[in-house]
Amino acid sequence: MNLNRRMVLKSMGGTLALPLLESLSFAAPRPTTAPTRFLVVGNPFGMHPEHFFPTDFGKDFTISPTLRSLEWLKDRMTIISHTDHNMVSGHGREISFLSGVLPTDAQAFPEKNMSLDQLFARHIGSQVRYPSVGAALDSGIRMSWTANGVEKLPITDPQELFNHLFLNLSPQEKEQRREMLQRNASILDTLGSQFEGVKRNASRLDRDRLDQFQTSIRELENSLADRETWLDRDKPSFDIADHFVGETTIANKYDAMFDMIAYAFETDLTRVASIEFPAELNYTDIDGVNRSYHGCTHNGRGEDLVKELVSIESFQIARLTRCLNKLDSIREPNSEGTMLDHTIVLFGSGMGYGGTHSNRNLPVFVAGGGFKHRGYIDGRDNSGNNMPLCNLYVTLMQRFGIERDSFNTSTGALDLSFS
Amino acid sequence: MFRTARLPSAFILDSFMNLFDRILSWCIVGALGFGTALPAFADEGLIKMHCGKCHSGAEPKGDFSVHDLGTAPAQESIDLWTASLDLVKAGEMPPAKKSQLTTSGRHKLVEFLSDKVQSYAAQSQHSHEIAPRRINNREFKNSVRDALLIEDVGTHQPTDNLIGDSLYEGFDTHGETLGFSNFHLEQYIDSLRKIVDATILDGQQPESKHYEIDSRQIRSAHTSQNLKRPERRGKREGFDFLDPKELAYFEDFPVVPTTGWYKISIRCTGLDRGYYEAEKTGIYDDDPIQLTVVMGNRERTFDLPDNNIVELELTEWLAAGTRLRFRYPTDGLTLRGNGNFKFQNAIAGEYIKEHDPELYQQVADSIVNKPGRRVLRPESWHHWVDFWRGPRPRIYSASVEGPLFDSWPPARQVALLGKNPSVEDAASILEPIAERAWRREVREGELEPVVQLVQSKKQSLGDVAAFKEGIIAILASPPFLLLNTDDLTPQEEFAAKFSNFLQSTIPDRELREAVEAGDFESFEGVYEEVQRRLESAECDPFLKTFPYAWLKLNDINFMAPDPDRYPHYHRKKVSDDMINEALTFFRYAVEEDLPVTEFISADYSFINADLAVVYGIDDAPQDSKLRKYTFTDGRRGGFLGMGAFHTVTADSLGTSPIHRAIYVMENFLAIHPSPPPADVLIEEPDIRSARTIREVLEAHRSDKTCASCHQSIDPFGWAFENFDPVGSWRDAYDDPTLEPVSKRQRQKRPKPEGIPVDASASFLNRAEYRDIVGFRQLMQSKANSDRFIRCFVTKLLTYANGEEPDDYTEIEKIVAKSAEHDYHMIATIAAVIDSPLFRETSR
């Protein structure tokens with residue numbers, strides 16, 4: 001892979017020309033109707049509330065400082081105040097962002113703590129090359145969890161994401177890859193047949209973990225088989241050289257990842273994507289940021305530090321904004337509107353605000369997706385109670401084509417209609 | 001303080017999560033909602049009389065009602081019983097102010113509670129079995145190494161692709177948190193393939209080559225992302241290491257081309273040690289100049305003599321694809337500017353200005369400022385790059401030869417597969433490997449699927465390569481990747497667990513046989529083996545990993561001290577020194593077999609020059625080596641005086657007695673306060689206000705709901721208020737209303753007087769202290785020492801089992817055994833291993 005990396009990095013000066021859609025024979029067979037997609041972006045520390053939440057409810061709300069880059073999208077987004085997963089304060093609960101369930105409590109739920117994106121990915125299955133794609137720089141924030149209650153880790157390097165999504169192999173490499181897939185498949189076969197012996201003596205206590213192992217074998221077998229099928233179809237080509245001209249900053253690394261996701265959507269390589277802004281990432285390339293992200297959340301309300309924190313948060317939003325702009329500039333084939341109108345975009349965090357360690361009042365908004373958006377709305381019910389965030393997820397599921405009226409801790413669905 | 005009262009969700013922590021940072025304020029809430037349907041009071045009299053007054057009614061104190069105890073311990077109330085016992089025993093409940101309990105009365109109450117707890121334990125059929133778990137990445141690397149009889153998994157970073165292990169309470173042994181998925185399995189197979197490929201060589205013996213490297217063929221690889229600048233090359237007189245971040249490499253040998261033995265020799269020396277003042281370079285005069293040879297994930301560091309050419313020789317098994325790099329390992333050369341090396345060059349200018357004014361003037365005169373460009377003053381670093389004479393290693397020349405082989409196939413391969421392995425003999429060849437890997441004898445017919453796999457691959461891959469597939473299958477299988485399954489007999493399981501506990505790897509044959517022979521059925525047998533193994537230097541994994549996890553050292557920089565206010569901490573990477581201090585102390589205590597209580601009672605620790613700066617010590621040797629140092633002020637020594645603890649529990653700008661109290665309680669006293677109820681709104685700290693932390697926390701005393709818990713928690717933390725966020729002593733807080741000032745400003749004006757620190761507090765049992773000195777004495781009381789031992793035992797079991805033990809009675813038995821041996825370390829560890837809680841047997 002090293003060689004390939006070099007090739008990509010050296011082939012500078014290429015333009016980011018997107019091939020015409022008509023020539024997309026290399027992806028899955030084009031769907032005849034427009035697919036619905038899902039993009040979720042999350043962070044581990046929430047948002048500085050005074051800068052994130054607008055000051056006035058309603059469709060005509062005034063855009064808040066952190067969200068300023070999204071001003072152009074004001075009519076096509078819904079920001080919801082007062083949502084939560086009813087978690088006590090402290091770090092470690094934000095990993096329940098997309099399910100409302102902590103790993104420790106997962107056994108009590110049929111889908112364990114499976115995250116919304118993975119639920120969508122399961123729904124799509126092998127209709128597309130990659131059921132879901134997750135990316136982050138440095139490390140993830142533990143946002144995606146599979147139906148087994150196991151973390152799904154993001155790809156943490158733009159180059160690796162590129163290789164994963166777009167790198168086409170030479171015929172020779174393909175042959176090697178095929179052989180390797182087959183060799184691995186034979187090993188899995190062997191593991192499978194050994195398994196009976198191990199399981200024979202297993203007590204009830206053991207069985208759970210053994211089942212997990214056995215499921216893993218089966219899933220990997222399926223996945224290898226899928227990969228072998230896809231191996232013959234070329235991936236779309238994408239030029240990321242532009243993103244690495246001059247110094248690589250976290251801004252252009254994130255932009256590269258978002259662009260790749262947008263293009264993967266466009267070419268129907270995948271329909272579910274997640275991007276994470278991790279805690280440990282060094283955000284100091286951003287103008288005015290000198291401290292660690294976490295350090296900035298514990299600002300003791302010092303003005304300078306709050307400013308640094310808001311810079312980081314605005315940076316995250318700005319990266320997303322750029323991607324939404326791109327999605328909105330592409331017409332959806334086989335349907336009305338732009339790609340953004342067919343992409344449900346969710347931004348949020350499982351933590352309300354790091355400064356107080358509060359897991360109430362989560363910063364959340366939905367954009368695009370063809371919803372009849374409502375601007376800034378109050379999530380509280382008549383008695384002033386916060387809305388379970390899972391209510392929103394039920395709405396998103398329905399929009400995604402999953403006919404369900406409940407999800408984990410939901411008590412209903414958020415009223416957000418779509419055409 | 002009631003164990004059940006904590007919310008389980010609070011304890012899934014990932015690697016970067018600092019428990020003590022999670023929350024500003026905690027309360028002890030015995031929030032158990034089963035008080036309604038329970039029968040009468042627990043005891044006729046005692047409990048009712050001494051506890052009932054506060055702990056009853058609609059709003060009992062600490063949210064604990066004696067009703068919750070029921071008449072006798074039951075599964076859901078046993079933790080309340082043991083917590084009550086602990087508190088009464090320690091004299092902390094009932095509080096001295098509210099009760100006239102006499103010593104004999106207390107004794108009776110303790111006896112009553114303790115009888116009840118013990119009789120519960122005796123009649124309950126509690127199973128100590130622990131569910132199987134995946135081996136973690138550390139164990140994977142060691143175990144594969146030992147199953148394949150190699151020195152390590154290989155230099156080509158074959159395990160870098162593994163999915164990182166999430167931590168639970170700092171430990172990487174928790175089954176639920178480790179998880180297992182198809183992603184894990186796939187990464188394991190990939191990783192195993194890479195390891196096996198670099199271990200078993202197929203085909204013709206590759207030819208060896210000799211590379212002579214001239215100093216001008218050594219280059220410095222890019223440190224920044226800017227790839228446009230040309231790489232620096234060595235000069236005729238040698239390649240000098242300047243920036244410690246710089247990695248140098250040989251132009252003709254950047255990457256190992258073929259797996260095999262390589263002989264590397266390097267002619268080099270150390271130059272200009274102490275030429276500049278240590279205060280400027282940040283490199284201590286007594287530290288030797290070193291050179292590190294980086295071979296992928298294997299590193300060797302050498303001390304270089306000053307100005308004397310030495311020829312370093314290495315013979316290493318290197319895997320194809322391994323990058324060969326060299327660097328100057330030092331934490332210095334970062335004190336100028338933002339820490340980037342280029343700013344150090346100004347030191348050369350200052351030196352010349354002082355020692356060779358004429359030259360200085362010449363350079364200053366030759367500066368031509370271009371119109372429209374920034375005017376660079378003579379002292380600016382730009383002019384002095386060519387004059388740099390900081391401490392640095394120099395390589396004159398080098399040679400690499402390889403791949404070399406003792407025989408073909410290499411001896412290590414012959415040891416594994418034999419000289420000419422044939423798939424016909426697959427079963428007998430693979431059996432010893434499987435036996436090691438699976439930690440037990442191979443059963444009849446069990447290898448059949450693997451043998452079939454190997455035989456089926458012969459045609460396409462050939463004999464040797466077919467064996468590789470078989471080995472991967474053996475190592476990707478559940479008996480290898482899963483620990484603690486019922487697949488093992490109790491003896492096999494004990495051997496596996498024992499080996500994993502001390503060495504994080506599969507058991508050797510000797511150990512398995514000794515267990516089989518019954519050698520470890522007694523405490524004495526276990527004791528001898530633990531002692532023998534600890535002495536044999538094989539137990540590094542335990543000596544490093546356990547204290548690291550126990551003391552939550554992974555979190556030390558999750559909330560790092562503010563870089564503007566604590567520059568020394570960042571510039572000299574002091575967190576590394578702090579971690580090493582804690583690990584060195586732990587190793588010392590184990591190797592010297594000291595009493596466990598030494599961790600909190602010692603008046604000494606292990607410090608170097610960087611830590612001496614933090615601790616305000618001026619008589620420590622000027623180098624980076626950690627040495628035993630005895631503190632005479634009664635403030636430091638042992639864990640309670642360590643910067644690692646003070647830092648891991650502090651925010652970047654301030655400290656919180658509550659964080660530190662929680663840390664002390666959970667990690668040193670085995671008390672688990674519960675987080676405050678979800679509806680408590682926690683005030684965000686406000687550095688703009690001039691209130692001290694004591695004033696901010698006044699709410700805890702004035703608000704009844706908070707106070708009932710916090711009066712038991714906070715006294716464990718106030719004592720540390722004299723230690724700032726990096727653990728330096730302070731008599732006064734910095735005035736928080738003042739903006740942080742630059743270094744230059746600081747030097748100019750005297751430090752403004754701050755608000756004096758008040759580090760006193762009193763406990764509910766009337767014990768009180770004025771400052772850390774008094775607190776340390778209280779920590780050595782019988783009750784607190786007992787708690788510390790119990791906590792240590794609990795942590796050892798958490799490391800061994802991945803789960804925190806909850807059987808109070810069995811833990812007490814271990815503590816009693818430890819007491820018989822005056823709490824000495826090895827006896828205590830042996831008592832843990834000998835316990836049913838480790839053996840997973842029922843009583």
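## Aromatic pairs

This predicted model holds 84 aromatic pairs over all chains. A ring pair is described by the distance of the centres and the angle of the planes.

## An edge-to-face pair in chain A

Start with A:Phe38 and A:Phe120. Their ring centres are 4.8 Å apart. Their planes meet at 85 degrees, so the pair is edge-to-face; the cut-off for that class is over 60 degrees.

Where do A:Phe38 and A:Phe120 lie in chain A? A:Phe38 is in strand S1, residues 37–42. A:Phe120 is in helix H3, residues 116–124. The pair therefore ties together parts that are 82 residues apart in sequence. A:Phe38 is buried, at a relative accessible area of 0%. A:Phe120 is buried too, with a value of 0%.

## A tilted pair in chain B

B:Phe501 and B:Tyr799 form a tilted aromatic pair. The distance is 5.7 Å centre to centre, and the angle between the planes is 55 degrees.

B:Phe501 lies in helix H15, residues 490–503 of chain B. B:Tyr799 lies in helix H30, residues 782–801 of chain B. So this pair links parts that are 298 residues apart in sequence. B:Phe501 has 3% relative accessibility and counts as buried. B:Tyr799 is also buried, at 3%. Buried means under 20%.

## Charges over rings

Some rings meet a charge. B:Arg389 lies over the face of B:Tyr275, 4.1 Å from the ring centre. In B:Arg635, the charged end sits over the ring of B:Trp729. Here the distance to the ring centre is 3.6 Å.

Key: Residues are numbered from 1 along each chain as its sequence is written. Chains are lettered from A and ligands numbered from 1 in the order in which they are written. This is a predicted model: local features need pLDDT of at least 70, side-chain atom pairs count only at pLDDT 80 or more; totals for chains, interfaces and linings use all residues. Side-chain values use heavy atoms; hydrogens and water are left out. Rings of Phe, Tyr and Trp (its six-membered ring) pair if their centres lie within 6.5 Å; planes under 30 degrees apart count as stacked, over 60 as edge-to-face and the rest as tilted. Helices (H or I, at least four residues) and strands (E, at least two) are DSSP runs, numbered from the N terminus. Buried means under 20% relative accessible area, exposed over 50%, partly exposed in between (1.4 Å probe, protein chains only). A charge sits over a ring if NZ of Lys or CZ of Arg is within 6 Å of the ring centre and within 35 degrees of the ring normal.
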